[in-house]
Amino acid sequence: MLSRLQELRKEEETLLRVKAALHDQLNRLKVEELALQSMISAGEGDVTVSSAAVMEEHPNMDNEDAINQTELQLQMHTSQAEEEEEEEEEESDS
């Protein structure tokens, strides 16, 4: 029972991290959408947005490398949690 509770707590932590990462991604997408809408309403034909310009307007927005690094860390954490789960199950089966 105690090990199941620990597993659930680890899963909750992982889900909270995923939720935070998704929230950050949603905010970045909203910023990009607003920048594109602004460019369209300004009548500009070129809709390419330089990431530096968007970053200056919204300094809290992460760059793609940081996003990829966060995803990698979440994947590693998830795989480590799964390995620990398997080890605990093997120990409890013994």
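This report walks through the fold, the surface and the charged residues of the structure above.

Welcome to a predicted model, in which local features need pLDDT of at least 70 and side-chain atom pairs count only at pLDDT 80 or more, while totals for chains, interfaces and linings use all residues. Residues are numbered from 1 along each chain as its sequence is written, and side-chain values use heavy atoms, with hydrogens and water left out.

**Overall fold**

The chain has three helices and zero strands, giving the pattern α-α-α along the sequence. Here helices (H or I, at least four residues) and strands (E, at least two) are DSSP runs, numbered from the N terminus. Of the 94 residues in the chain, 12% are buried; buried means under 20% relative accessible area, exposed over 50%, and partly exposed in between (1.4 Å probe, protein chains only).

Contact means heavy atoms within 4.5 Å. Among contacts between residues at least 6 apart in sequence, 55% join residues at least 24 apart. The accessible surface comes to about 7,700 Å², with 52% belonging to carbon and sulfur atoms; such areas come from the Shrake-Rupley method with a 1.4 Å probe, and for residues only the protein chains shown count as cover.

**The salt bridge**

A search of the whole structure finds one salt bridge, defined as a side-chain nitrogen of Lys or Arg within 4 Å of a carboxyl oxygen of Asp or Glu. The partners are E7 and R4, whose closest N and O atoms are 3.5 Å apart. Both sit in helix α1 (residues 2-41), three residues apart, so about one helical turn separates them. Beyond its neighbours within four places in sequence, E7 is in contact with E85 and E88.

**The negative patch**

E11, E82, E83, E85, E86, E87, E89, E90, E91 and D93 form a negative surface patch. Patch residues have over 30% relative accessible area and no salt bridge, with like charges joined within 9 Å. Asp and Glu count as negative, and the place of a charge is taken as CG of Asp or CD of Glu. Helix α3 (residues 64-93) gives the most to this patch, with nine residues.

| Residue | Relative accessible area | Class |
|---|---|---|
| E7 | 15% | buried |
| R4 | 45% | partly exposed |
| E91 | 60% | exposed |

Note on methods. Patches are made of residues with over 30% relative accessible area and no salt bridge: like charges are joined within 9 Å, nonpolar side chains (Val, Leu, Ile, Met, Phe, Trp, Tyr) within 5 Å.
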